[in-house]
Amino acid sequence: MKTNSEKNRRIHVDNNLPLLKRHLIPSMFHIPQMTLEIERYDAPLGAERQYIVKLEDLEQYVKSLSDTGGFKEQYGMLRSGPQKPWTVGMKPENKPKNRYQDTVPYDESRVVLQKYKGDPNSDYINASYVDSYKKGTRYICSQGPLDSTLEDFWRMIWQEDVNVIGMLANIIENGKKKCEKYWPDKSLRTSDIIITLQNEKVYLDYTIRSFKILKVGVSGHRVIRQYQYTAWPDGGVPLYPLSLINMLQDIQSFQKEQQKFTPWVLHCSAGIGRSGTFMVLDSALEMSLTEGKIDVLGILYRMRQHRVDLIETVEQYEFVYKSLVEYHFGDRSCKKANEMVLYFNKLRQLDQHSKKTRLEIQFEKLRKLENPHFQQKCLSAITANNKNKNRDPYIIPPDNGRPVLKTSPPSNYINAVYSYSYGVQNRFVVTQYPLPNTVADFWQLLWDTGSCSIVVLNEISNKDEVIKLYIFKNWPT
């Protein structure tokens, strides 16, 4: 029961509030028109404050937090580590079923499997029920299956009548296995459950797989879709949020088509960082559309009562806010084919305020998305041995997206990157026009990548020294 001092209160923030501590609402004092609602919880010290932001104030609020380090301060209010008992998951019989020994489901929110083959410990799986914004249990947050828990994972899928699996990791990341491949390329039988792959669609940032599953002795079959987001680095965040939101909306559309709204099973590797970010984003987005308000801190706090340490980093916490801003205030350039001409005509129109076309404004926004620390990801390109292989010192490839020549270092570097086409990863190799000292590397690149087509997009002059090397000396005859 809340006391009068603990009830919701509305605070109009301006510079004339001597009693409002600056650390409670960092950087808001220069935004007099903003309204925040602060609700106090009956909760452990450091986790009781809740910030509810009106949707119309969100963009300025996020900018302010970004400028002043407010994300770190908000995130720091939440306790880390276990808050509730997890005795079942720590039993000696169950410890081998945990991918990480410090990430175990709480006893009160764990998924309890039906016991199998008389094994008293067969009811355990590292998975937790998690409530969403005002909709009860919307998620089952699980660790990425181990080889020894594949059978348990599919038992859970059948028992909970799941029709959506959200996978927010890759099998191998940075040379380490993050999750077992638990689905078949064609068909798989695990215990008394048979899983058959129906189709697979690969998009730029995520892949959708459809499965038919049936249980021996049970009539009929079920349809399950797995959505694997492939562009989310472990411990980090996606570069662009809209593709993640698109995947989220695909999930919602699929359940509406099926008229089946059972919990989503979500997992990454540990089932806390990326999975937690995805759940909070989904719930915060729903709250913003339903109420016109957003409460990221409060949603995360309540979700952490169901599973330990959801959202592992400040960067992931900030990503939720920035994704919401992008959804509500960004230019959503993905349009249906029959809307494209109208959309393009609008982009060509002059904006009276800026005196620029909307196409120019959109391109300027795109330029702002460039990573300011990009060169830190291009260490091979800026070494002493490789600097002279770049035409432009500011146009260089990142280490995690460049072809590595099948020659010995340092000669395995070339200024080139893999690029996507719609639905196909690494469809193109994009490279600079060869320099005199990189012509041999260019031909090595073609050989190593198996490329059989070269598209040159600049003018060619026979007086160019590179052309003499590139074509006349090295071109096959």
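The following dialogue examines how several terms are applied to this predicted model.

Biologist: What is the average pLDDT of the protein, and where does pLDDT stay under 50?

Modeller: The protein averages a pLDDT of 85, and 84% of the residues score at least 70. Over residues 1–49 pLDDT stays under 50. For that stretch the model has 101 contacts beyond four places in sequence.

Biologist: Why is Asp123 called buried?

Modeller: Asp123 has a relative accessible area of 10%. Buried means under 20%, so Asp123 is placed in that class. Asp123 is located in the loop between β4 and β5.

Biologist: Which residues is Asp123 in contact with, leaving aside its neighbours within four places in sequence?

Modeller: Asp123 is in contact with Arg110, Val111, Val112, Leu113 and Lys115.

Biologist: What makes strand β5 largely enclosed by the rest of the structure?

Modeller: Strand β5 covers residues 124–131, and six of its eight residues are buried, so the strand is largely enclosed by the rest of the structure.

Biologist: How do you know that β5 pairs with strand β4 and with strand β6?

Modeller: The criterion asks for at least two bridges between two strands. Strand β4, residues 110–112, and β5 have two bridges, in the antiparallel sense. Here Arg110 stands opposite Ser128 in β5. β5 and strand β6, residues 137–142, have five bridges, also antiparallel. In this pairing Asp131 stands opposite Thr137 in β6.

Biologist: What is found between the strands in the hairpin of β5 and β6?

Modeller: Five residues lie between the strands of this hairpin, where Lys134 takes a positive phi near 55 degrees.

Biologist: What makes helix α3 mostly covered?

Modeller: Helix α3 spans residues 150–159, and eight of its ten residues are buried. The buried residues include Leu150, Phe153, Trp154, Met156, Ile157 and Trp158, as well as Asp152 and Arg155.

Biologist: Why are Asp152 and Arg155 said to form a salt bridge?

Modeller: The cut-off between a side-chain nitrogen and a carboxyl oxygen is 4 Å. For Asp152 and Arg155 the N to O distance is 3.0 Å, and the pair therefore qualifies under that cut-off. Both residues lie in helix α3, three residues apart, about one turn of the helix. An α-helix has 3.6 residues a turn, so residues three or four places apart point the same way.

Biologist: How do you know that Asp152 and Arg155 are buried?

Modeller: Asp152 has 10% relative accessibility and counts as buried. Arg155, with a relative accessible area of 10%, is buried as well. The limit for this class is under 20%.

Biologist: Why is Gln259 called exposed?

Modeller: Exposed means over 50%. Gln259 has 61% relative accessibility, so Gln259 counts as exposed. Gln259 lies in the loop between α4 (242–258) and β14 (264–267). Gln259 has a positive phi of about 55 degrees although it is not a glycine.

Biologist: How many salt bridges does the structure hold, and what makes Arg138 and Glu286 one of these pairs?

Modeller: The structure holds 18 salt bridges. In the pair of Arg138 and Glu286, the closest N and O atoms are 3.7 Å apart. The pair links distant parts of the chain, with Arg138 in strand β6 and Glu286 in helix α5 (residues 273–291), 148 residues apart. Both Arg138 and Glu286 are buried.

Biologist: Which residues make the nonpolar surface patch of about 210 Å²?

Modeller: The patch is made by Ile454, Val456 and Ile460. Membership requires over 30% relative accessible area. Ile460 is partly exposed at 45%, and lies in the loop between α10 (439–449) and α11 (465–473).

Note on methods: Residues numbered from 1 in each chain as written. Predicted model: local features only at pLDDT ≥ 70, side-chain atom pairs only at ≥ 80, totals over all residues. Heavy atoms only, no water. Buried < 20%, exposed > 50% of the residue type's maximum accessible area, 1.4 Å probe, protein only. Helix = DSSP H or I, 4+ residues; strand = E, 2+ residues; numbered from the N terminus. Patch = residues over 30% accessible without salt bridge, like charges linked within 9 Å, V, L, I, M, F, W, Y side chains within 5 Å. Areas by Shrake-Rupley, 256 points an atom, 1.4 Å probe, with all protein chains shown as cover. Contact = heavy atoms within 4.5 Å. pLDDT = per-residue confidence, 0-100.
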